[in-house]
Amino acid sequence: MKLRYFSHSSFQITTDAGQSILIDPFLDDNPTATFSSSDVAADFIILTHAHGDHVGDAFKIAARTNALFICVNELANYCIGKGFLAHNMHIGGGHDFDFGRVKFTIAHHGSMTPDNTYAGEPAGVVLTIDGKSLYHTGDTGLFYDMKLIGEMTRLDYMLLPIGDNFTMGIGDAVKAVELADPGIAIPMHYNTFPVIQADPEEFKKQVEAIGKKVVVMGFGEEIVL
Ligand code: NI
Ligand code: MN
């Protein structure tokens, strides 16, 4: 499978079978994104939580592509209420889709929609697709159960925020990598706005100092996993 980093917490997974899975697609109002919402294919859209920088262009994209939303129950119902298709899940639950498995994890954060609708708890996701596992933490502070998440699924990739202020900063993110112990850590949720400026190379240096690997993805870059 392939992984594209749009910037912020927005990613696209393209499976070996050619399906497109978007995570938190935030493009048109994202100053660091190099793609527009009209450019991207989507069969599935996973939302970690309802904040504007994560729901982003999801409804615009779903209206064009008829993609299926995958999110926690309350946020899924919000999507259904807007006329979209959704698969309702919740934290701790996993489900086998035709592209692979999705399991929701806890995240320490909030999840009100931009129009102030309660959207349930924020979440992270562990994806198992084409024989690889990937943990997108969503927006979260550091928590010790990241160790448990890494014990229950041997993680090939961990996508985690380093921007501080709203989420973990570099110091806590380094500890998160130590706890979850992924094969490769990929930093996200930084440099989108002035308040979340962070140097991914500094994160990389600190993670390498504990013997772990980091890949810093360029904004818009696609890599093969
Ligand atoms: Ni958020
Ligand atoms: Mn955010």
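Student: What share of the 225 residues of the protein chain counts as buried?

Tutor: The share is 55%. Buried means under 20% relative accessible area, exposed means over 50%, and partly exposed lies in between (1.4 Å probe, protein chains only). Keep in mind that this is a predicted model, where local features need pLDDT of at least 70, side-chain atom pairs count only at pLDDT 80 or more, and totals for chains, interfaces and linings use all residues. Residues are numbered from 1 along each chain as its sequence is written, chains are lettered from A and ligands numbered from 1 in the order in which they are written, and side-chain values use heavy atoms, with hydrogens and water left out.

Student: Why does the radius of gyration of the protein chain agree with a compact globule?

Tutor: Set the value against the rule. The radius is taken over C-alpha atoms, and the rule is 2.2 Å times the number of residues to the power 0.38. For 225 residues a compact globule would come near 17 Å, and the protein chain has 16 Å, so the two agree. The C-alpha trace spans about 50 × 35 × 30 Å along its principal axes.

Student: How many helices and strands does the chain have?

Tutor: Six helices and 14 strands. They are DSSP runs, numbered from the N terminus: helices are H or I with at least four residues, strands are E with at least two.

Student: Why is S7 called buried?

Tutor: S7 has 0% relative accessibility, so S7 counts as buried. S7 lies in strand β1, residues 2-7. Leaving out residues up to four places away in sequence, S7 touches N30, T32, A33 and F219. A contact here means heavy atoms within 4.5 Å.

Student: What makes H8 stand out in its phi?

Tutor: H8 has a positive phi of about 55 degrees, although H8 is not a glycine. H8 sits in the loop between β1 and β2 (10-14). Its relative accessible area is 0%, so H8 is buried.

Student: Is D130 buried, exposed or partly exposed, and why?

Tutor: D130 has a relative accessible area of 34%, so D130 is partly exposed. D130 also has a positive phi, about 50 degrees, and is not a glycine. Its loop runs between β9 (123-129) and β10 (132-136).

Student: Why does D57 count as buried?

Tutor: D57 shows 4% relative accessibility, so D57 counts as buried. D57 lies in the loop between α1 (52-55) and α2 (58-65). D57 touches P25, F26, L27, D28 and S37, not counting residues up to four places away in sequence. Take D28: it is 29 residues from D57 along the chain, yet their C-alpha atoms are separated by 7.0 Å.

Student: What share of the contacts with a separation of 6 or more comes from residues 24 or more positions apart?

Tutor: Such pairs account for 57% of those contacts in the protein chain.

Student: What makes a set of residues a nonpolar core?

Tutor: The members are buried Ala, Val, Leu, Ile, Met, Phe, Trp, Tyr and Cys residues, joined through side-chain atoms within 4.5 Å. The largest core here has 74 residues, and L3, I45, F69, V102 and F203 touch the most other members. Helix α5 (residues 170-180) gives the largest share of this core, seven residues.

Student: Which residues does L3 touch?

Tutor: Beyond four places in sequence, its contacts include F11, I13, L134, L159, I186, M217 and L225.

Student: Which residues of α5 are buried, and what do they pack against?

Tutor: The buried ones are I170, A173, V174, A176, V177, L179 and A180. They pack against α4 (146-152), β11 (157-161), β12 (184-188) and α6 (200-208). An α-helix has 3.6 residues a turn, so residues three or four places apart point the same way. After α5 comes D181, with a positive phi near 55 degrees.

Student: Why is Q206 called partly exposed?

Tutor: Q206 has a relative accessible area of 29%, so Q206 is partly exposed. Q206 belongs to helix α6. Q206 touches I170 and V174, not counting residues up to four places away in sequence. Q206 and I170 are 36 residues apart in sequence and 8.5 Å apart in space, C-alpha to C-alpha.

Student: Why does T167 count as buried?

Tutor: T167 has 8% relative accessibility, so T167 counts as buried. T167 lies in the loop between β11 and α5. T167 touches D139, T140, P161 and H189, again not counting residues up to four places away in sequence.
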